[in-house]
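Student: Please take one part of this model and go through it closely. How is it put together, and what packs beside it?

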Amino acid sequence: MPNMSLVKTPMPEQEPNVRNKNFEEVSLGYTEEMAINEAKRCLNCKHMPCVSGCPVNVQIPKFIQLIAEGNFSAAAAAIKETSALPAVCGRVCPQETQCECKCVRGIKGEPVAIGRLERFAADWEMANGTNEVAPVESNGIKVAIIGAGPAGLTCAGDLAKLGYDVTIFEAFHKAGGVLVYGIPEFRLPKAIVQKEVDNLQKMGVKVMTNMVIGKVLSIDELFNDYGFKAVFVGSGAGLPSFMGIEGEGLVGVYSANEFLTRINLMKAYRDDYDTPIRKGNSVAVVGGGNVAMDAARSAKRLGAEHVYIIYRRSEAELPARQEEVHHAKEEGIEFLLLNNPVKINGDENGNVTSIECIKMELGEPDASGRRRPVAIEGSNYEVPVDTVIMSIGTSPNPLIRSTTEGLEANKWGCLVADDAMATTKEGVYAGGDAVTGAATVILAMGAGKTAAESMHKFLQEKFGK
């Protein structure tokens with residue numbers, strides 16, 4: 001029998017006042033019964049509008065129907081036909097603005113919980129040890145992937161399936177990119193990411209860590225000295241942005257990149273690690289995206305009594321996922337909307353003591369389509385804080401473009417690439433944050449997939465394999 005409920009099957013979660021004191025995963029996942037019940041809400045539409053909203057074209061009705069039938073192994077296999085990281089995507093993709101916003105069930109009621117079902121299928125497969133990955137026979141053509149983030153992992157997986165000899169070069173000591181250094185454990189357990197990386201290695205993908213391309217080796221050396229025939233640049237957007245206001249050099253001011261890397265990759269929240277981290281009592285996080293929510297919720301878990309999100313637009317314009325905003329509010333994060341920092345104040349020892357803000361109002365829409373915030377003269381006030389975390393965007397690290405002739409970059413430092421992700425240097429492709437300068441996991445995966453297709457075409461034309 002179809003399930004015609006107007007609302008999604010609820011997913012179990014930790015209680016807010018319990019989870020805001022630990023780094024364990026917030027959402028606990030569906031049981032088999034819950035997953036089947038939710039899958040039966042899918043109408044299996046003939047034209048599959050949900051698929052058009054997925055950047056990696058997961059055949060959504062197909063895998064959901066398999067879940068409804070109780071064939072969980074086949075459901076996981078169906079997702080993996082086009083997605084390299086299903087357990088990751090089921091947790092952190094913005095389904096509400098992609099596949100789920102196209103769902104017909106969303107016209108009257110809530111859309112089918114596509115993300116939750118994807119997570120269920122991937123987790124079930126991991127727990128039950130099905131669909132073992134078999135290595136693919138190599139065609140002998142060597143391909144290099146720079147960066148082991150979502151774009152690089154996706155590109156590597158797709159090329160490995162086609163028989164290429166793939167090596168990933170990762171600057172950090174652990175593969176995963178933003179999945180391990182940016183997104184907290186309570187949203188994406190690192191064991192899940194490692195299992196996805198392990199699956200790639202079972203396919204024959206080699207992962208070399210602590211390899212800063214542009215310093216240890218150059219792209220030209222990969223071509224000329226090591227025999228690689230094509231290179232994909234998925235080096236991420238690791239260069240943080242600041243506002244340029246007075247006081248950003250005070251002790252207690254972090255970029256969200258540094259703050260989250262210390263916590264997630266370097267385990268600063270754990271007593272058995274020596275990574276230093278400032279555990280503020282009153283913390284201001286400037287910005288309104290998913291990274292800002294991650295930083296604020298992490299600060300709360302480190303013991304902060306007051307954590308403020310300071311954002312210059314209204315709640316309607318918050319770029320963060322609705323689910324993350326909802327969880328943040330439940331956990332006690334305070335939102336200072338229509339406010340903008342103008343100065344950070346400190347004491348005689350150079351420590352942060354407060355952040356000065358000015359109130360804003362919304363004017364006419366800007367180039368992004370959102371209403372432009374306008375300062376209200378004379379509305380300045382101070383918020384007492386001892387820690388400030390800046391989360392207002394990032395741009396690609398300049399190392400690759402500064403050490404590689406033939407690459408072009410735009411004024412924001414992003415590599416210039418065409419729709420096929422091909423750059424101005426033959427054999428070099430780029431995707432994800434290296435091109436967009438935005439930490440968006442699913443869009444990075446889409447770029448990695450597009451680049452893999454284009455690299456395959458290029459290599460076949462050049463080498464006939």
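**The parallel sheet and a helix pair**

Tutor: Strand E1 (residues 142–146) and strand E4 (residues 230–233) pair in the parallel sense over four bridges; pairing requires at least two DSSP bridges between two strands. Val143 has Ala230 of E4 as its bridge partner. The model is predicted, so local features need pLDDT of at least 70 and side-chain atom pairs pLDDT 80 or more, while totals for chains, interfaces and linings use all residues. Numbering starts from 1 along each chain as its sequence is written, and side-chain values use heavy atoms, without hydrogens or water.

Strands (E, at least two residues) and helices (H or I, at least four) are DSSP runs numbered from the N terminus. E1 and E4 belong to an open sheet of five strands, ordered E3-E2-E1-E4-E16 with parallel pairing. E3 (206–208) and E16 (428–430) are the edge strands; each has a single partner, so one side of each lacks a neighbour in the sheet. From one strand to the next, the twist averages 20°.

Turning to a helix pair, H8 (residues 150–161) and H17 (residues 441–463) pack at about 35° with axes 7 Å apart. Axes are lines fitted to C-alpha atoms, for helices over the stretch in contact, and angles run from 0 to 180 degrees between N-to-C directions. The contact (heavy atoms within 4.5 Å) involves, among others, Ala151, Cys155 and Leu159 in H8 and Ala444, Gly448 and Met455 in H17. Its residues divide into 10 nonpolar, three polar and two charged, where nonpolar means Ala, Val, Leu, Ile, Met, Phe, Trp, Tyr, Cys and Pro, charged means Asp, Glu, Lys and Arg, and polar means the others, Gly among them.
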